[in-house]
Amino acid sequence: MTQGERVKELRSYLNLTLEKFGDRLGVTKTTISRIEKGERNLTDQMSKSICREFNVSEEWLKTGCGEMLLPSDRKSDIARLAMRLLDSESDTYKNRLISALANLTVEEWKVLANIAVKMTQGNDVPPVVDAAHERTDIDVTDDMRKHDDDIMHDDSEWE
């Protein structure tokens, strides 16, 4: 199997289109297509970019030996997320969320941790995250709850 074929195998495994795969690497879908077809060689720089972006074994990409993906750990996952966020538009929902998390106080982290624990306690019905409703300085109305619930369940900006 050629390097181009391994790139195609990786892209298929990740279920990414030529365009989305290329976007993550900063190149066009045509470039990826030409690499996959063997019409263009995989440069060292592109190889390193693929390995870094998708957590791929450089040995596998070059030779086909070993596992496709490197073992993952929390720090690596966070580092990859941070790199993708730095490369994306600053006003995306993901960037706003990470920015908000970065500015949480110790007490706010405790509230968030408690919410996460409640969410993972095996309830059949997904819990509604209503941290805004924890506030005691305002009277929360049904309209406010509905608005917050709509925001929390809108995944369109994550796609």
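1. Helices here are DSSP runs of H or I with at least four residues, numbered from the N terminus, and their axes are lines fitted to C-alpha atoms over the stretch in contact, with angles running from 0 to 180 degrees between N-to-C directions. The model is a predicted one, in which local features need pLDDT of at least 70 and side-chain atom pairs count only at pLDDT 80 or more, while totals for chains, interfaces and linings use all residues. Residues are numbered from 1 along each chain as its sequence is written, and side-chain values use heavy atoms, with hydrogens and water left out.

2. The axes of helix α1 (residues 3-13) and helix α3 (residues 29-36) come within 7 Å and cross at roughly 125°. That makes α1 oblique to α3, since angles under 35 degrees count as roughly parallel, over 145 as roughly antiparallel, 65 to 115 as roughly perpendicular and the rest as oblique. On the α1 side, Gly4, Glu5, Val7, Lys8 and Arg11 meet Ile32, Ile35 and Glu36 of α3, where contact means heavy atoms within 4.5 Å. By class, this contact of α1 with α3 has 3 nonpolar, 1 polar and 4 charged residues; Ala, Val, Leu, Ile, Met, Phe, Trp, Tyr, Cys and Pro count as nonpolar, Asp, Glu, Lys and Arg as charged, and the others, Gly among them, as polar.

3. The count comes to 5 salt bridges, each defined as a side-chain nitrogen of Lys or Arg within 4 Å of a carboxyl oxygen of Asp or Glu. One of them joins Arg11 and Glu36, at 2.6 Å from N to O. Arg11 lies in helix α1 and Glu36 in helix α3, so the pair ties together parts that are 25 residues apart in sequence. Both Arg11 and Glu36 are buried, that is, under 20% relative accessible area, whereas exposed means over 50% and partly exposed in between (1.4 Å probe, protein chains only).

4. Another salt bridge links Lys62 with Glu58, the closest N and O atoms being 3.3 Å apart. Both residues lie in helix α5, 4 residues apart, about one turn of the helix. Lys62 is partly exposed at 39% relative accessible area, and Glu58 is partly exposed at 33%.

5. Most residues other than glycine have a negative phi. Asn15, although not a glycine, has a positive phi of about 60°; it sits in the loop between α1 and α2 (18-25) and is exposed, at 69% relative accessible area. Asn55 also has a positive phi of about 60°, but this residue, in the loop between α4 (44-54) and α5 (58-63), counts as buried at 13% relative accessibility.

How values were computed: Helix = DSSP H or I, 4+ residues; strand = E, 2+ residues; numbered from the N terminus.
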